[in-house]
Amino acid sequence: MIPSIHKRGSETIGLIRYLYGPGTHEEHTDPHLVAAFDPLTPDPGRDPQVTYGQLQRLLDQPVNALPDGRRPKKHVWHLSVRASPEDPVLPDEDWAAIAWRMVAATGIAPDGDDAACRWAAVRHADDHIHIIATLVRDDGRRPRLHNEARRAQAEARAIEADYGLRRVAPGDGTAAKRPTSAERHKAERQGRVRPAREELRETVRRAVAGATSEEEFFERLAAAGLLIRKRVAPSGDLLGYKVALPDDRNKDDEPVFYPGSKLAPDLSLPRIRERWTLPAEAATSADGSGLEQPTLPPVTGPAFARRRATAATWQALLIIDHGDDGTAAAHIAASGEVLDALAKTSATHTRSELREAAVAFERASRSHVKAVRGHDRTLRQAARDLIYSGPALGRGEDGATTAMLIDMAFFLAIAAANWHARKHHSQQAAAAEQAAQHLRAAYQAAAGQPMAILRQRGQRLAPRVRQRQADLLHQVLPELAERIRAEPGWPALATTLDDARRAGHDPAALLIEATRRRELATAASISDVLVWRLRRSAHLPAAPESPQGTPTRGNRRTPSPAPTTPPTAGAVNDSSRRR
């Protein structure tokens, strides 16, 4: 149940005509009253003898009774209450009860107040009603409407519980503006998959991902094909910007421009500039330690960019878990840039899920906790590397390192969900969890081929080699060894342990380190988890050689960032994401 309080107006008759009219795009059907301040209120939708003017004069009577100097200039109050798409179609009787509860909760007509404001609830669609009220009580006083939007939200949560409707997470005012019904109908009429507002929001977010200057940001917007209109002060300083799709035009055939701030709160130019400004304490260190950061080697291709992004994401996960609120908020916001960049450069078989993950995580990237920018620059650099390394192949080292990064991004999304949940950010926590589910699906698509090859190679190991790895497993993980050996992924783990030994590593030490980092009991596939941890910490190729011993197409050994031992998407099943 989603209540929305609209801007106050000065013409009651205008709103009545809209509510009872056909709608902007003929979307209104059977407009009629479901409830009103007086049961005998005339209904233009049911009685052909009743005019809009009669209803208007009845609602405006307390306003018109005041002297001219005491009448409020904006006396028309308007609340729409919309059911969620998953909710059943409610009968008029239920909508009438909901309308009474809303006017009581907001202060328009408190229970038992015979001198309250006059109001009427109109239904012209299956899924919502509109409540129109005039803001002068019958006794000539003004209603008390302090925090009426918050009280409407609270009542909506109670209505959801009472009627068994979908529980909508309460908002905090940091969400991006939803497309209006007119924008949705326009998109349908033009055959667009999404309204222009949503398409522009995604394009602008991708343009800002990893950007380091205004010039680069606007160059990316232009390269994406958007029309750009800049707002410049008389001094020549740039104050803001608007963007439009070339083919999205109004009735006068002019492009429809949207300011960045109307796409999302963090896409205004001042908020974007914050990403490029280092606070004093972070001027010499990405982690606030005051230590000069080493110069990173240049990115040599998509696979290397993904390995570096995996390392940055792992460090961000630790900061979200253990850092202060401002730094954690900055890393969550920058994680959205990594997801945007990854979706933009991903291969076809993972692109859809990664795009959905980035769109979902957008809501998790903002809250009332102020992000302390500057400490997140390593993560933003990772997003930049992904953009400029170019599109990744869906196979070989590119594909396998994509799986490695998606795997880490999954855990970062879970960490973000838990962080938001601790702060009681319900919408953000739900959005992060939704992103995690899309990342899980993308990981399964990306990891399928390299894991299949590893399993095939493990099945070809000599019996004595397999027994050596089994003995090692029983030595390091005696309580889980039998479960791991019964999993389909055991051959992949066996060959990974053998690869580590051949590369000069101590498999036992690697396995101990990998199991120490994060618990394994809740893993859907412990062997799958350990394969990715070991291959990363041992700097083994993410895409292994084929069982015949010939490299897979596109398989190139790629330099790795500093070793860490992160968790993997397989380490958590649905029951383990507790808060």
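1. Strands β1 and β3 pair in the antiparallel sense over 4 bridges. Two strands count as paired if DSSP finds at least two bridges between them. In β3, Leu79 is the bridge partner of Ile5. Helices (H or I, at least four residues) and strands (E, at least two) are DSSP runs, numbered from the N terminus.

2. A word on the source. This is a predicted model, where local features need pLDDT of at least 70, side-chain atom pairs count only at pLDDT 80 or more, and totals for chains, interfaces and linings use all residues. Residues are numbered from 1 along each chain as its sequence is written, and side-chain values use heavy atoms, with hydrogens and water left out.

3. Now the overall picture. The protein chain has 20 helices and 8 strands. Of its 579 residues, 55% count as buried. Buried means under 20% relative accessible area, exposed means over 50%, and partly exposed lies in between (1.4 Å probe, protein chains only). Take the contacts between residues at least 6 apart in sequence: 73% of them join residues at least 24 apart. Contact means heavy atoms within 4.5 Å.

4. Back to the sheet. In what order do the 5 strands of the open sheet stand? The order is β1-β3-β5-β4-β2, and the pairing is antiparallel. β1 (2–5) and β2 (32–36) stand at the edges with a single partner strand each, so one side of each has no neighbour in the sheet. From one strand to the next, the twist averages 25°.

5. β3 and β5 pair in the antiparallel sense over 7 bridges. Val76 stands opposite Thr134 in β5. β2 pairs with strand β4 (residues 119–125), also antiparallel, over 4 bridges. There, Leu33 stands opposite Val122 in β4. β3 is mostly covered: 6 of its 7 residues are buried.

6. Helices pack on this sheet. Helix α2 (residues 52–64) lies across β4 and β5 (128–134), and runs at about 30° to β5. Helix α4 (residues 148–163) touches β1 and β3 (76–82), and its direction makes about 165° with that of β1. For these angles, axes are lines fitted to C-alpha atoms, for helices over the stretch in contact, and angles run from 0 to 180 degrees between N-to-C directions.

7. Look at Val103 in helix α3 (residues 92–106). Is Val103 buried or exposed? Val103 is buried, with a relative accessible area of 0%. Leaving aside neighbours within four places in sequence, Val103 is in contact with Ile108, Ala109, Pro110, Trp119 and Ile131. Val103 and Leu79 are 24 residues apart in sequence, and their C-alpha atoms are 9.2 Å apart in space.

8. Next, the cores. A nonpolar core is a set of buried Ala, Val, Leu, Ile, Met, Phe, Trp, Tyr and Cys residues joined through side-chain atoms within 4.5 Å. Which members of the largest core touch the most other members? Of its 83 residues, these are Phe361, Leu439, Ile484, Leu493 and Trp532. Helix α14 (residues 396–422) gives the largest share of this core, 16 residues. A second, separate core has 29 residues, including Ala35, Trp95, Trp119 and Ile159.

9. Setting aside neighbours within four places in sequence, the contacts of Phe361 include Ile332, Leu339, Leu412 and Ala435.

10. Thr402 lies in helix α14. At 6% relative accessibility, Thr402 counts as buried. Not counting residues up to four places away in sequence, Thr402 touches Arg306 and Ala392.

11. Val465, Gln469, Ala470, Leu472, Leu473 and Val476 of α16 are buried. They cover an arc of only 160° around the axis, which puts them on the same side of α16. The arc is that of the directions from the helix axis to the C-beta atoms. On the other side of α16, Pro463, Arg464 and Gln475 are exposed. The 14 residues of α16 reach 20 Å from first C-alpha to last, close to the expected 20 Å. The expected span is 1.5 Å times one less than the number of residues.

12. Helix α20 (residues 526–537) is another case. How many of the 12 residues of α20 are buried? The count is 12 of 12. Among them are Asp528, Trp532, Arg533 and Arg536. The end C-alpha atoms of α20 are 17 Å apart, which agrees with the 16 Å that its 12 residues should span. Just after α20, His539 takes a positive phi of about 60°.
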